[in-house]
Amino acid sequence: QVQLVESGGGLVQAGGSLRLSCAPSVRTVGLYTDGWFRQAPGKEREFVAGISGSGASTYYADSVKGRFTISRDNAKNTVYLQMNSLKPEDTAVYYCARGGARAIGAMDPREYAYWGPGTQVTVSS
């Protein structure tokens with residue numbers, strides 16, 4: 001199975017920036033996609049951003065458009081989430097997920113088969 005590990009979380013002041021990284025253990029053969037989700041205490045897991053395996057297509061939740069950028073470096077087998085202009089409401093555990101072709105552009109976490117353990121992002125006011 002594909003395994004993913006997130007890194008880069010931490011505490012940052014509002015307006016600051018943070019870059020999350022996701023390192024899948026193996027490359028996926030065929031069409032696939034990676035997504036970032038987040039879950040705040042007492043809330044359901046929500047879609048943040050997604051990127052196709054080729055990097056050609058990206059998707060963002062309205063709440064992060066213009067502030068977050070998802071990218072990938074397939075040579076390094078790494079997916080990134082650059083988070084700028086962070087707000088306290090961005091505070092959550094952020095998860096990296098991978099899915100097959102069905103998950104490309106999907107915002108439903110149920111469409112993603114593999115998940116990392118998550119990394120905490122806390123934005124102070």
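1. Asn-77 is buried, at a relative accessible area of 14%; buried means under 20% relative accessible area, exposed over 50% and partly exposed in between (1.4 Å probe, protein chains only). Asn-77 sits in the loop between strand 7 and strand 8. Its phi is positive, about 55°, although Asn-77 is not a glycine. Most residues other than glycine have a negative phi. Helices (H or I, at least four residues) and strands (E, at least two) are DSSP runs, numbered from the N terminus.

2. On the basis of the note: this is a predicted model, in which local features need pLDDT of at least 70, side-chain atom pairs count only at pLDDT 80 or more, and totals for chains, interfaces and linings use all residues. Residues are numbered from 1 along each chain as its sequence is written, and side-chain values use heavy atoms, with hydrogens and water left out.

3. Strand 8 (residues 78-83) has five of its six residues buried, so the rest of the structure largely encloses it. Strand 7 (residues 68-73) pairs with strand 8 in the antiparallel sense over six bridges, where pairing requires that DSSP finds at least two bridges between two strands. Within this pairing, Tyr-80 of strand 8 is the bridge partner of Ser-71. The hairpin of strand 7 and strand 8 has four residues between the strands, and Asn-77 is the residue there noted for a positive phi near 55°. Strand 3 (residues 18-24) also pairs with strand 8, in the antiparallel sense over five bridges; here Met-83 is the bridge partner of Leu-18.

4. Ser-85 lies in the loop between strand 8 and strand 9. Ser-85 is another residue other than glycine with a positive phi, near 50°. At 40% relative accessibility Ser-85 counts as partly exposed, whereas Asn-77 is buried.

5. The whole structure contains one disulfide, a term that requires a pair of cysteine sulfur atoms within 2.5 Å. The disulfide joins Cys-22 to Cys-96, with an S to S distance of 2.0 Å. Cys-22 belongs to strand 3 and Cys-96 to strand 9 (residues 92-100), so that distant parts of the chain, 74 residues apart, are linked. The torsion about the S-S bond is about -80°, so the disulfide is left-handed. Both cysteines, Cys-22 and Cys-96, are buried.

6. Glu-6, in strand 1 (residues 4-7), deserves a separate point. Glu-6 is buried but has no salt bridge, and Arg-45, the nearest side chain of opposite charge, is 7.5 Å away. For charge, Lys and Arg count as positive and Asp and Glu as negative; His and the chain ends are not counted. A salt bridge is a side-chain nitrogen of Lys or Arg within 4 Å of a carboxyl oxygen of Asp or Glu. A polar atom of the Glu-6 side chain lies 2.7 Å from the backbone nitrogen of Cys-96. The Glu-6 side chain also reaches the backbone nitrogen of Gly-118, at 2.7 Å. Not counting residues up to four places away in sequence, the residues that Glu-6 touches (heavy atoms within 4.5 Å) include Ser-21, Trp-36, Tyr-94 and Pro-117.

7. Strand 11 (residues 119-124) has a covered face of Thr-119, Val-121 and Val-123 and an uncovered face of Gln-120, Thr-122 and Ser-124. Strand 2 (residues 10-13) pairs with strand 11 in the parallel sense over four bridges, and Gly-10 stands opposite Val-121. Strand 9 pairs with strand 11 in the antiparallel sense over three bridges, and Ala-92 stands opposite Val-121.

8. Ala-92, in strand 9, is buried at 3% relative accessibility. Beyond four places away in sequence, Ala-92 touches Arg-38, Gln-39, Ala-40, Thr-119, Gln-120 and Val-121. Ala-92 and Arg-72 are 20 residues apart along the chain, and their C-alpha atoms are separated by 22 Å.

9. The whole structure has eight salt bridges. One of them joins Asp-90 to Arg-38, with the closest N and O atoms 2.8 Å apart. Asp-90 is in the loop between strand 8 and strand 9 and Arg-38 is in strand 4 (residues 32-39), so the pair ties together parts 52 residues apart in sequence. Both Asp-90 and Arg-38 are buried. A network of salt bridges links Arg-38, Glu-46, Arg-67 and Asp-90.

10. Two further salt bridges involve exposed residues. Lys-65 pairs with Asp-62, the closest N and O atoms being 3.2 Å apart, and both residues are exposed. Arg-102 pairs with Glu-111 at 2.6 Å between the closest N and O atoms. Arg-102 is exposed, with a relative accessible area of 68%, while Glu-111 is partly exposed at 23%.

Methods. Polar contact = N/O pair within 3.5 Å; in protein donor to acceptor, adjacent residues only side chain to side chain.
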